[in-house]
Amino acid sequence: MTILPPDPDLDALRLELGRLRAARGWSYDELAARSGLARRTVIEIEQGRTIGTLKTWHALAHALDTPFDELFANLCHKHDLPGAGDRSNS
């Protein structure tokens, strides 16, 4: 029997990016400048046209002063985080 992981919630991740940017009152230009990314890259990620690379998300997390693991926890928005299950049977 093959057990597959649940699909990541990419919408929750991009929506969190937009929320964090808006909470700081930053434009796309401001986040791009602070992260060292192109404005177009920031827009395409936030609008769901691309997912970006780990390096890109690392730059965004640093620019937003948000822990990388907290940002990526949004991928598990509709399911438990890995390792969050009952470990008493292990």
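**View 1. Trp 57, Phe 68 and Phe 72 make up one aromatic cluster.** The structure is a predicted model, in which local features need pLDDT of at least 70 and side-chain atom pairs count only at pLDDT 80 or more, while totals for chains, interfaces and linings use all residues. Residues are numbered from 1 along each chain as its sequence is written, and side-chain values use heavy atoms, with hydrogens and water left out. Rings of Phe, Tyr and Trp (its six-membered ring) pair if their centres lie within 6.5 Å; planes under 30 degrees apart count as stacked, over 60 as edge-to-face and the rest as tilted. This rule gives two aromatic pairs. Trp 57 and Phe 72 form an edge-to-face pair, with 5.8 Å centre to centre and 85° between the planes. Trp 57 belongs to helix 4 and Phe 72 to helix 5 (residues 68-72), so the pair ties together parts that are 15 residues apart in sequence. Helices (H or I, at least four residues) are DSSP runs numbered from the N terminus.

**View 2. The largest nonpolar core has 20 residues.** Such a core is a set of buried Ala, Val, Leu, Ile, Met, Phe, Trp, Tyr and Cys residues joined through side-chain atoms within 4.5 Å; buried means under 20% relative accessible area (1.4 Å probe, protein chains only). Leu 17, Leu 31, Val 42, Trp 57 and Leu 60 touch the most other members. Helix 1, helix 2, helix 3, helix 4 and helix 5 each give two or more residues, and helix 4 gives the most, with five. Trp 57 is buried, at 2% relative accessibility.

**View 3. Helix 3 (residues 39-46) has Val 42, Ile 43, Ile 45 and Glu 46 buried.** These residues lie on the same side of helix 3 because they cover an arc of only 165° around the axis, taken from the directions from the helix axis to the C-beta atoms. The buried residues of helix 3 pack against helix 1 (10-23), helix 2 (28-35) and helix 4 (54-63). Just after helix 3, Gly 48 has a positive phi of about 80°.

**View 4. Thr 66 lies in the loop between helix 4 and helix 5.** Thr 66 is buried, with a relative accessible area of 15%. Leaving aside neighbours within four places in sequence, Thr 66 is in contact (heavy atoms within 4.5 Å) with Leu 20, Arg 24, Ala 61 and Leu 71. The C-alpha atoms of Thr 66 and Leu 20 are separated by 8.7 Å, with the two residues 46 apart along the chain.

Note on methods: Buried means under 20% relative accessible area, exposed over 50%, partly exposed in between (1.4 Å probe, protein chains only).
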